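Work through the exercises below with the model open. Try each task before reading its solution.

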Amino acid sequence: MTVSLETKLVVSSIALLAAVSAVIATATTLLFHDFLIDRLDSQVTSAAHRSTSAAAQPGDTPGSTPPQAREVSFLLSPGQAEGTFGARIREGVVRRAAVLTGIATVSEVAAPPSLATVTREPVTVGLGPLGDYRMAAARTPDGDLLVTGLPLAGVTSMLTRLVIVEAAVTLAGVALMAAACTVLVRRAVRPLGRLAATAARVSELPLANGHAVRLARVPEADTDPRTEVGQVGGALNRMLGHVETAFAVRHESETRLRRFIADASHELRTPLASIVGYAELTRRGGERHGPQTTHALGRIRSEAGRMTTLVEDLLLLARLDAGRPLDLVELDLSPLVVNAVSDAYAAAPRHRWLINLPDQPAVVLGDADRLHQVMSNLLANARTHTPPGTTVTATIRLGERVCVEVADDGPGIPAHVLPQVFGRFARGDGSRSRLAGGSGLGLAIVSAVTAAHGGRVDVRSVPGDTVFTLDLPQVVR
Ligand SMILES: Nc1ncnc2c1ncn2[C@@H]1O[C@H](COP(=O)(O)OP(=O)(O)OP(=O)(O)O)[C@@H](O)[C@H]1O
Ligand SMILES: [Mg+2]
């Protein structure tokens, strides 16, 4: 069972207090019980003494005493308290037993059998309905055994009162302690809550996107090194500081790398254009070349073309990574898809090309060139990674968002490529052939452009059914 620290602290403090109170109360009760019994025993001893003294006096039997009460007339001696029990035992037989009920009045009671066992040391004897008595015995000069006793009721009622008071005080103490403990513990753990809130705020930040971030910090008040929570708060702040610095350094180096890629790609465009231009010029120049030179010029042109595409792709990715703003306008995706499919059909007429468009315009806020590039990358994949005769279907669906699907019934994406198919330079083994000509950046661009439009792209692929799904925010006109 999971219990909060606050509950644990409060419950354990209360349990501890209750246990200590119980021990103190028990010890007090036992000590008080012993003290009261001792006091009663000494009263019983005095009463027994008075009884033997009264029995020894010659005028033992006042005239007014009824004959049956004479045996216990020692109860009437001065100083005996009301309720005193007295019995005379002669030759082991109880002659009479009575209790002093008022001034000079005694009332006879039934003698319990255990009366014969009473000695000089006071013991407890039960008198039935009259309750328990402490009794002591003493012998008269004429050999009779006089048993004198005092009721235990006073002791019992005092102990009962003590236990009630102790229970009430303990309960009140526990209730007070619970309230005070809850307030104090709550106040003590409140800084922990603030630390947790700071940690939670930091954990919700999108740290994976590589941007430099300003991380929340624990308030200054919770970083006092003299307190345990303060030490944790201070350590958390230092850690957040390190994380922030690490992110800044990483961001800085990524920015530098991006800028380098962008600059390098940019710089490569001109010489590449020159290579393509000169190759073309040489081919068309009218000079006669041998077959080998003609082949070499053709290769130079095609490889330079491939490299131009690669450089353009790298430049675009570097710009998207750097968060360069797109040229956003409200545009209908339907004509864009139709154009892209027409281009694809022109490039691969032996595939079957199908289009499903909605009745309504599919309006999004987008960069027309970039979205066209997305569509042509997806359609180029459906064309280059599938055999002729494959059916490719481009569908636009309207819901809360605009959903564009490019599906084909080709062989599907190789299983080992599928998990990172949107990664950079991820491509299937087949694409390494010069013919396919792919660099593995096509889907990375699809993913980056879609993300820059606030959308997302997904793929599912099994042999015979490969579907790329773009999801873009719809503009409602
Ligand atoms: N429709 C598809 N059918 C089968 N495989 C696919 C399909 N689309 C993508 N792939 C696989 O995913 C890989 C990555 O695709 P991506 O478009 O990123 O790179 P590429 O097509 O190889 O190169 P580029 O697009 O840069 O010219 C491809 O190499 C291919 O193996
Ligand atoms: Mg591709």
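**Exercise 1.** How many salt bridges does the rule find across the interface of domain 2 and domain 3?

*Solution.* Start with the model: it is predicted. Domain 2 covers 205-324 and domain 3 covers 329-473. Domain 1 covers 5-159. Now count: the rule finds one salt bridge across the interface of domain 2 and domain 3. Then look at Arg424 and Asp321. Their side chains meet in a salt bridge, at 2.8 Å from N to O. The cut-off is 4 Å, so this pair qualifies.

**Exercise 2.** Describe the contact between domain 2 and domain 3.

*Solution.* Begin with the spacing. The centres of domain 2 and domain 3, taken over C-alpha atoms, are 24 Å apart. Ten residues of domain 2 and 14 residues of domain 3 take part in the contact. Turn to area. About 970 Å² is buried between domain 2 and domain 3, and carbon and sulfur atoms give 66% of it. On the domain 2 side, Arg306, Leu316 and Leu317 lose the most area to domain 3. Together they account for 47% of what that side buries.

One residue pair is in polar contact across the interface of domain 2 and domain 3. The side of domain 2 that touches domain 3 has five nonpolar residues, five charged and no polar ones.

**Exercise 3.** Which residues line the largest cavity?

*Solution.* The space in the largest cavity is about 30 Å³. Now list the lining: Leu333, Leu336, Val337, Leu371, Met375, Val404, Leu470 and Leu472.

Terms used. Residues numbered from 1 in each chain as written. Chains lettered and ligands numbered in written order. Predicted model: local features only at pLDDT ≥ 70, side-chain atom pairs only at ≥ 80, totals over all residues. Heavy atoms only, no water. Domains from an automatic or database assignment. Contact = heavy atoms within 4.5 Å. Buried area = accessible area lost by both parts, 1.4 Å probe. Polar contact = N/O pair within 3.5 Å; in protein donor to acceptor, adjacent residues only side chain to side chain. Nonpolar A, V, L, I, M, F, W, Y, C, P; charged D, E, K, R; others polar. 1 Å grid on protein atoms, 1.4 Å probe; cavity = no way out; pocket = protein on both sides within 12 Å on 5 of 7 lines; lining within 4 Å. Points joined across faces, edges and corners; volume = space filled by probe spheres on them.
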